[in-house]
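Colleague: I am new to this one. Please take me through it, and give the rule behind each term.

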Amino acid sequence: MASEPESPSETVTRKTVPALPKVATGIAGFDAITFGGLPRGRPSLVCGAAGCGKTLFATTFLVNGATRFDEPGVFMSFEERAEDLVANVASLGYDLDGLVAQGKLAIDHVRVERSEIEETGEYDLEGLFIRLGFAVDSIGAKRVVLDTIETLFAGFSDETVLRAELRRLFGWIKDRGLTAIITGERGDGQLTRQGMEEYVSDCVVLLDNRVEDQITTRRLRVVKYRGSAHGTNEYPFLIDAEGISVLPVTSADLDYSIAEGVVSTGIAGLDAMLEPGGFHRGTSILISGEAGTGKTMITSSMIDAACARGERCMAFVFEESGHQIARNARSIGLDLSRHVEAGLLRFEAARPSLYGLEMHLARMHRDIDRFAPSLVVIDPLSALRGPPVELQSTMLRMIDMLKSRGITAVFTSLREDGEIDHDSAIGVSSLMDAWIKLLNVEANGERSRTLYVIKARGMRHSNQVREFMMSKDGIALIDAYIGPAGVLTGTARVVREAEEAAAALRREQENLRRQREALRRRQSLERQIDELRANLEAVEEEEALLLSEDEMREAALASGRRDLAVRRGSTR
Amino acid sequence: MTEAGVTGGDTAGRARLRLYVAGTSLRSTRTIESVRRLCEGRLGGLCDLEVVDIYQQSGLAGTDGVVAAPTLVRLSPLPARRLAGDLSDERRILEGLGLQALVRESLGEDDDGR
């Protein structure tokens, strides 16, 4: 049928066709690690020790089937009574009674009590088959849960009969094309007490509940999955008010597309220190500083800026409640509660010791996937405790997870050197794209907050220290005083600046005074010059007068002599 | 005194039995026969027996908590007891049902009567 050029696409279809048909469990993450869910029309074994969540896993499978995939289910309980089962999962918001009433779910409690059953001669478990068949037919079930069928071994003593019957039961389930979950209690040296894995060999899921340092971590592993690829790791999973979720949080490569764009920090001074006017979107930013240096205020500011842009933000806080942070942010003029109300901001507050590292990571993973924020704040990162190796890998995966989703992440750390542990060299700072360091400078009996941008990958940034001030108008960054006397901040800076201003004023006044003096001297000299000139003129006048008098006298003398000569001449 | 048998035969003393079988297999018919024989023979009509085919009345199996087939359920006197198996051994059935006393009484009376 396929012509020559179509052969590549044909190979693809040829590859996908024989893939095992699967049934989605609707359990977030589990369907991902099994590439689709449980094998359709086959029984799967879910085993684990007491309290691992087997029953919950199975119930979720049925409830999701009934509500989301339109596949009714039968829950055959060998342990809990139907009422108990209904009550137990009501806290997760599962309305089993409602589903039963709608004909989407059937619950059959099979009570097997050793003391009530006497065995005489040969028997088989046809009664069980009939009951199961009856329940399946009554609602047209596609899914079946047998929880925990091993209880039969406690009720009946003839193991050979039981084993033969179980084999027949699983065969029957396959024949009917029912997708089934068989739960089994963990046994010594094998997955289940009665070796159920021998009968149910298509898919085996192991649940585990481990306690390390008084902190419990639930883990899930797909032990085998016949005819299908599956994730082989142990994955942490969560059981909380939102049900069960498995979290495939091991990412291997650094091959993710990067988000473009620049996000403002909401602090004008800090934006100005960074060449593009903010941080690159999707980067990890570390804000380190001791207690009381203003880390949370900076993050609050960034949150406010992001929410104001209409982006969604999520804050994982380990030391304060969301309300407390919102209240404190009000002191610098930020109203975070309006963003919470608008649904743009969500605080997820938890004590660091509430879960193990894996669980914290798992929880974040789930919450982030659900809320889809573009900014995530983890405050503080240093609150997470655990063995160094685990801590390092957790951080790495956390950063990785955020980066791969293009989420801008802001971490705060109490350790000013940006490390997490004193003893080991867990360099969180090296994983970060940007690092803002807050330092309290103590001098002259006061502390002042200073801020440096230690690094900012992929952008030019200021290498200068800034003094960082919080007021009801927000956070302001002020250039620190840098002069011959060194770098000064706080009051010292103010004093120094005042001194400089005073000195400048003095200098200016002195200059003015000198200028006035010079003017005065010049004026007096000019006055003197005028005086002298006046004198000179007077002298000149005098001189002229004298000269004219002399001339007149000479003239008079000459005329006299002439008169005399005339007189003498006449007599002769 | 056959009257004793009558007092034992009033509703308090009588046993109500229900036998669950799966279809008309050889095992089923054999079980039904042996239980019938027991009820009419050694229990001397002191019991009411009801035979239920679980294929026909699947709903009942659930209410009576039947898992194995065949199962003989003693509905009264309470508490209910269940016997799984083809019920080939009469003595064990009686022990299992807790009805030996009933039998011994009637047998003892028979001995006295002799």
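Colleague: Why is Phe30(A) called buried?

Modeller: Phe30(A) has 0% relative accessibility. Buried means under 20% relative accessible area, exposed over 50%, and partly exposed in between, with a 1.4 Å probe and protein chains only. So Phe30(A) counts as buried. Phe57(A) is buried too, with a relative accessible area of 0%.

Colleague: What kind of model is this, and how are things numbered?

Modeller: This is a predicted model: local features need pLDDT of at least 70, side-chain atom pairs count only at pLDDT 80 or more, and totals for chains, interfaces and linings use all residues. Residues are numbered from 1 along each chain as written, chains are lettered from A and ligands numbered from 1 in written order, and side-chain values use heavy atoms, without hydrogens and water.

Colleague: What makes Phe30(A) and Phe57(A) an aromatic pair, and is it stacked or edge-to-face?

Modeller: Rings of Phe, Tyr and Trp (its six-membered ring) pair if their centres lie within 6.5 Å; planes under 30 degrees apart are stacked, over 60 edge-to-face, the rest tilted. Here the centres are 5.1 Å apart and the planes 85° apart, an edge-to-face pair. Phe30(A) lies in helix α2 (residues 30-33) of chain A and Phe57(A) in helix α3 (residues 54-67) of chain A, so the pair ties together parts 27 residues apart in sequence. Helices are DSSP runs (H or I, at least four residues), as are strands (E, at least two), numbered from the N terminus.

Colleague: What is the geometry of Phe129(A) and Trp172(A)?

Modeller: Their centres are 5.9 Å apart, with 65° between the planes, again edge-to-face. Phe129(A) is in helix α6 (residues 126-139) of chain A and Trp172(A) in helix α8 (residues 159-176) of chain A, 43 residues apart. Phe129(A) is buried at 5% relative accessible area, and Trp172(A) is buried at 18%.

Colleague: Which charged end sits over the ring of Phe129(A)?

Modeller: That of Arg168(A), 4.3 Å from the ring centre. The rule asks for NZ of Lys or CZ of Arg within 6 Å of the ring centre and within 35 degrees of the ring normal. Lys22(A) likewise lies over the face of Tyr225(A), at 4.8 Å from the ring centre.

Colleague: How many helices and strands are in chain B?

Modeller: Five helices and four strands. Their pattern along the sequence is α-β-α-β-α-β-β-α-α. Buried residues make up 45% of the 114 residues in chain B.
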